[in-house]
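Colleague: I want to go through the helix packing and the pockets. Please tie each label to its criterion.

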Amino acid sequence: MGEDFLLTTDTAQEIFHYGAEKTPIFDWHCHLSPKEIYENRKPADLAELWLGGDHYKWRAMRSCGIDEKYITGDSTGYEKFLKYAETLQYCIGNPLYHWTHLELQRYFDVYEPLNPKSAPSIWQRCNNQIEAGGFTPRELIEKSNVACVCTTDDAADSLEYHKLLAEDKSFKCKVLPAFRPDKSFLIDTDAFVPWIEAMEKAADMKIDSFKALCEALAKRIDFFDEMGCRASDHALAYCPYAPATDDELEKIFKKALSKESFTLLELDQYRTALLRFFGAEYAKRGWVMELHLGAMRNNNTKMFNAIGADTGFDSIDDREIAHGLSRYLDSLAVEDALPKTVLFTLNPKDNYVLGTMLGNFQSSETPSKIQFGSAWWFNDNYDGMREQMKALSNLGVLGKFIGMVTDSRSFLSYPRHEYFRRILCELLGDLVEDGKYPCDIAFLSQVVADISFNNAKNYFGLKL
């Protein structure tokens, strides 16, 4: 994993070093905590910095038979680190192996493989550096050459830490909110009514009807817009499309407040109406709408009850997504209310579904108005990234792609952008070396810089 790691051709090496290596990062979809960025606390040790909240690592450790007390339990940070080192040596071909060593190299200047034999020494050396300083959230962001991050924030969030960060001129990286109203869809869960109560406080109004809910959400969208928000985010197993009348929607909403049960049609009708409302509101403001499709969440009930959501028990769903997504996007397009949209799929079987869906709704409003989101979550690996970009290059315009996101809660995750850029340059280099594209190093270096940073900056309408 030296200077030319993954850069298997001369062309790949040239365009990476000229076009990608020093280009800033715009991390337009992540799960970093604005509170942690603002408070800027030094981590206690490497385990807190590196293993806390990282369900990628947790899943691998469970697959090696590691007891949960060494993963999310009450064992010491050092014990957890040793168990991760024990696991990592077996992760042959897993992106964790590459990410782990890129992070050790870039942040700690550690170049030897992490395994049970090296772990005690690496633990001590890394902790000595953490203790000496330079590893607070802001220092890590600046060290990683990050120009802007967009966090994911609930519609009822006060955004208090975004306000404080915006007022702090000593920190150059922009930290912008992204509007994530997923809880508004969850009318069939116990969490919905408490969320409505939180929204009533945030919007300062009573929410006793579907119409009132939309009014409250519009107020919150205005508030997010004032705070610099340029993006929304929706996590959907599939995109529903089932139109309903106003009376039907009001009846469904009353059932939600009364905690009654629903038919699948009623759930689809309610969610379709909300998605149409959101899309039109985003279009008015020039926002980008992100649709993350295809996750099957919280599969392990026992572990969900024990340690909650987002702890490593999600997987890929295999539903059909084309028809509902097409009808939804079309319903907005016919009313000139379709916003800039990024379509992510968790199931790689749908790469060509989304790759062809893009072309149905492009316009001169902006290059590649409908984007194919980068290889996401379980696809965020060498093969997954290559296959996503190959699908896009076969079916669309790769040169206008808005590139990589970390989708991470870790402040050490930015070498994933480097990993993506190396894979991109290798892919382009292969095409050149195979005689499938001219060897125009200057142009290809610019394309790589654009995909790495410039395209996204322009797409989201930001000056960075």
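Colleague: Which residues of α1 meet which residues of α19?

Modeller: T11, E14, I15, Y18, G19 and A20 in α1 meet I441, L444, S445, V448, A449 and S452 in α19. Contact here means heavy atoms within 4.5 Å. The model is predicted: local features need pLDDT of at least 70, side-chain atom pairs count only at pLDDT 80 or more, and totals for chains, interfaces and linings use all residues. Residues are numbered from 1 along each chain as its sequence is written, and side-chain values use heavy atoms, with hydrogens and water left out.

Colleague: What makes α1 oblique to α19?

Modeller: The axes of α1 and α19 cross at roughly 55 degrees and come within 8 Å. That angle makes α1 oblique to α19. The cut-offs are under 35 degrees for roughly parallel, over 145 for roughly antiparallel, 65 to 115 for roughly perpendicular, and oblique for the rest. Axes are lines fitted to C-alpha atoms, for helices over the stretch in contact, and angles run from 0 to 180 degrees between N-to-C directions.

Colleague: Why are α18 and α19 called roughly antiparallel?

Modeller: Helix α18 (residues 415-433) and helix α19 (residues 441-459) pack at about 150 degrees, with axes 11 Å apart. They are therefore roughly antiparallel to each other. Their crossing, too, is right-handed. F420, R421, L424, C425, L428 and V432 of α18 make the contact with L444, V448, I451 and S452 of α19. By class, that is eight nonpolar, one polar and one charged.

Colleague: What makes α12 and α13 roughly perpendicular?

Modeller: An angle of about 110 degrees between α12 (residues 246-257) and α13, with axes 10 Å apart. So α12 and α13 count as roughly perpendicular. E248, L249, I252, F253 and K255 in α12 meet E266, Q269, Y270 and A273 in α13. Five of these are nonpolar, one is polar and three are charged.

Colleague: Now the pockets. What volume does the largest pocket have?

Modeller: About 1400 Å³. A volume is the space filled by probe spheres set on grid points, joined across faces, edges and corners. A pocket is an open set of points on a 1 Å grid over the protein atoms alone, for a 1.4 Å probe, with protein on both sides within 12 Å along at least five of seven lines; lining residues have an atom within 4 Å of a point.

Colleague: Which residues lie nearest the centre of the largest pocket?

Modeller: R180, D182, L186, A235 and R297, out of 40 lining residues. β6 gives the most to this lining, with three residues. The lining has 15 nonpolar, seven polar and 18 charged residues.

Colleague: How much space lies in the second largest pocket?

Modeller: About 470 Å³. It is lined by 22 residues, with E21, R106, K143, S144 and E418 closest to its centre. The largest share of this lining, five residues, comes from α18. Its classes are eight nonpolar, six polar and eight charged.

Terms used. Helix = DSSP H or I, 4+ residues; strand = E, 2+ residues; numbered from the N terminus. Left-handed = near helix turned anticlockwise from the far one by under 90°. Nonpolar A, V, L, I, M, F, W, Y, C, P; charged D, E, K, R; others polar.
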